[in-house]
Amino acid sequence: MAESVLKEIIPPVTEVQRAPLWRRIWEAVQLPALALFTAFVVGGFIIALSDFKVLEALADTISRLNPLGYALLILTVMVLIGGVLISRRPEVILRRLRFAGTGRQSRWFNIIAVLLTIAAVIILLVVIGFGPVLALAWSAVTGAYGALIEGSLGNSAQIVTALQSGDSRAIALAFYPISESLVASTPYIFAGLAVALGFRCGLFNIGAEGQLFIGALTSVFVGYSITGLPAILHIPLALGAGALGGALWGFVPGFLKARVGAHEVINTIMMNYIAFRLSEWLLNGPMKRPGAVPVSPFIEASAQLPRFFPDPIRFHLGFFIALGVAVFIWWFLFKSKWGFEIRTVGANPSAARYAGMNIALNIILAMCMSGALAGLAGANEVLGVNYNLANAFSSGYGFDSIALALLGRSHPFGVVLAALLFGTLRSGGTRMQNVAQIPIDIIIVVQALVIAFIAAPGIIRAIYRIVKPGEGEVVFTRGWGR
Amino acid sequence: MAPVLELRNITKRFPGVLANDHISFTLEAHEIHALLGENGAGKSTLMNILYGLYQPDEGEIIVRGQPVQIHSPNDAIKAGIGMVHQHFMLVPVLTVTENVMLGDEMLTGGIFLDRRSAAQRIRDISKRYGLEVDPDAYVKDLPVGVQQRVEIIKLLFRNADILILDEPTAVLTPQEVNDLFKVIRSLVDQGKSLIFITHKLKEVLATADRITVLRAGRVVGSTTPAETSEASLAAMMVGREVSLEVDKAEPQLGEVVLSVEHLEVLDERLNVAVDDVTFDVRAGEILGIAGVQGNGQTELVEAITGLRKPISGHIRILGHDVTHATPRRITELGVAHVPEDRQRDGLVLNYPVADNIALQEYYKPPFARGVVIDERAIQREAAALVQRFDVRTPSVHTPAGSLSGGNQQKVIVARELSRPIKLLVASQPTRGLDVGSIEYIHKQIVRKRDEGAAVLLVSPELDEILALSDRIAVMYRGRVVAIVDAEVATKEYLGLLMAGADPTSVPVPERRHKRVEVVT
């Protein structure tokens, strides 16, 4: 017995290479992408069902249904339920049909089942007489999303004719929506990086909004109070002031967390209120421009971030600075030993301490950097877009960035992508409101759905039957308290 | 009579792994059937299939002659199958009764919890099977051994008659292990059938009626305690002869490396955990610290490695006073630390193996140049160490958390022992590991000692202490009650001291015969 056992050799270790880059990217992106898709589908239903014309037509059709229509309607519901049930357990059905039931087979079976179900339901609904309702709903949804795309990316026909005409003003107008999306994305990149960096250190920085305000205050102050500097000095100085102001606002909760264990969520929220009221007071008092409105003076021209195109295109240098900062943060987190420490403290503080890392120092450093990035978002807005600071100027960039960092999985490049998306949605939403009469709140609903699906990846995995949990899933923050 | 439970050709594949390969297994009525295997042999997968947590890719489960489909733990309980997990599933702030009722609440009037009759049933069960427990006690106040009884009562409360115990002795003291074995016996005597998962050979031989050994997802063989021995079971598990004795030469003593003087350390609740402890460890020797867990060993080790500040006394390493030094400074003096809780302190589980290898030295060459981390250098070094220390991992990019416990420990051992160290502090270096890994890690520790390092070994396992140590210190209630030469120490003598006997009243045993050296 033992001898036969001895003859068996344990298989040697085989050196498996890391999965190829495209595969890792796909694995990282598939959940957010599917979450986004699902959110837009659900958003579409909400748009359709909140459209009065659709609802009227629906009520009208139902009131004219005959018994046969009701019977068919019940059949439709059964088809729908049947389709869902079949697509839940493809392996079982395939095996009944004497297929091997492999992953690939069941995947195709599933796709076909879903498509057939949708087709059958639509055909039945049309037969019953819901055709006009479906058409109305379809036009409501496409109208809304069309306006969203046009408002954020521009009208392709307009772009083509403008390019053909060669008229610089026409070209500028054609590209205006895209440029506005990029302008809106810029503060999102900074603030998203701020929150993502906190997450990597196991910190939940809810204070990005407040840090952003303080950054805007300090940079606007440097922007208008210092005169006579060349732009090459004034711009870095103003940006630096913004970063410093934000860093100070991040330092306080970081220090409290590191020294006395006060939870950063509470303290960053409180610091937000201090920042809001402080800026209100400053804009009504010491920093107020002469006149009735509580607004700061305009910054010097030498502190303005240069714009690349004539008005009305506001696209400015800040976008490229943001991209550069994102690359720097990526390098800092994943290539430098400081980043290694911050990530280790975030992933397992006990092991970090065991490995001789200074946890308090790393928490303070991470909060300061996070605050500095959020401060840069504020500085970017005043130096690149507004040229002055008004009350409540930010309208929630800092809060949206929490969602955005989650969507970007706390990776700098993911954050950039998510920021582009959020900026696009934000600038396109305005147009959607004007053209399609869809309240801009639907954008917020879609954003909220995206976050819900990201935060509960189990839903997406269940819907799309993604079996394997993504490798190396990031644990964002630890529980309350310790 | 038909077996109560039969598994036929159970196969389960995970991406890249064949966890269970056509496993067939029967459990007779009134039987204790031990399922033995190294970590990663497929024991847990098999039991999770039986408990409805995984679905098998192939094969059938037959309970009392009827084929059953088990899709969830609820199905398992309906089929009379219950499982006690290695990590208990209890709510600490609830009472025993409330914990037992969870998920199977007895109600009066349809809405009110009927705690009284539930408590009565628990008393009946505990009387019948000798499972002493107070139904009104809060779980958080109970010792681990009693918590385990609560888990067993939970299953009996739900009328399970096929009980699965997953590594039930891993968390118990020797006394509690004996109690558990009595309980197991009485359960079987009263008609229950039991599957006992473990990798501890002695326990299997002492309790099981039948033994099935798994290796690499397959059944290697079935046997009974009468027909087999520790050595042949170990060989079946590992696939080669395993030497259970540690082979070591006379110590070559050098200078004093670690010197601890009148050390006093507090625990979290500010109780004195280490009380006036004094000892030296010299280069080339292994000082073993024996003691039941929770007698100050943890705090002592943390103080020596800089993770906990002593309130008085001195710690010197190679003449440097490190009483208040940081962990980093102590590491840089040439100290390696294999921590007691590998998952909490020793590893970052979602980091790849490579980054875990670099955890102690990530900040200096060759792993870092300036502030830039050299990933290639780290991966090269990690690949070399994985090879040298026989870490079974798909690659150095695999997250450490997805390795088995033994391989996680090997990652730590590889990192700590590959450095040129002067002092090794090893705290329970083989806790929860299988024989193959234990043998390997023991050899590595002895090799470090022979290379001239001082070794401080802390372990509640007397076998381990006796096998490795040159001198043995016994800790009881924070004090070192005796330091004896390993050659005069017997298990009985140490056991008495560990239990708190007065060292002056315990006769020191005769010098033992020199250990027979096993040639491998």
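**A chat about chains A and B**

Modeller: Arg409(A) comes after helix α16 of chain A and has a positive phi, near 50°. Keep in mind that this is a predicted model.

Colleague: How many residues of α16(A) are buried?

Modeller: 10 of 11, so the helix, residues 397-407, is mostly covered; a residue counts as buried if 20 or more other C-beta atoms lie within 10 Å of its own. Among the buried ones are Tyr397(A), Asp400(A), Ile402(A) and Leu407(A).

Colleague: What covers the buried residues of α16(A)?

Modeller: The cover includes α2 (21-49), α8 (168-200), α9 (208-225), α15 (359-386), α17 (412-436) and α18 (441-455), which belong to chain A.

Colleague: Changing topic. How is chain B divided?

Modeller: Domain 1 covers 5-238, domain 2 covers 243-334 + 420-520, and domain 3 covers 354-419. Over C-alpha atoms, the centres of domains 1 and 3 of chain B are 36 Å apart.

Colleague: Now β22 of chain B. Why is that strand largely enclosed?

Modeller: Because 5 of the 5 residues in 454-458 are buried, the rest of the structure largely encloses β22(B).

Colleague: Which way do the residues of β22(B) point?

Modeller: Ala454(B), Leu456(B) and Val458(B) point one way, while Val455(B) and Leu457(B) point the other way. All are buried.

Colleague: And which strand does β22(B) pair with over 5 bridges?

Modeller: That is β21(B), residues 423-427, in the parallel sense. There, Ala426(B) has Leu457(B) as its bridge partner. Strand β15(B), residues 286-290, also runs parallel to β22(B), joined by 4 bridges.

Colleague: What stands opposite Leu456(B)?

Modeller: Leu287(B) does.

Technical notes: Residues numbered from 1 in each chain as written. Chains lettered and ligands numbered in written order. Predicted model: local features only at pLDDT ≥ 70, side-chain atom pairs only at ≥ 80, totals over all residues. Domains from an automatic or database assignment. Buried ≥ 20, exposed ≤ 12 C-beta atoms within 10 Å, placed from the backbone. Helix = DSSP H or I, 4+ residues; strand = E, 2+ residues; numbered from the N terminus. Pairing = 2+ DSSP bridges. Contact = placed C-beta atoms within 7 Å.
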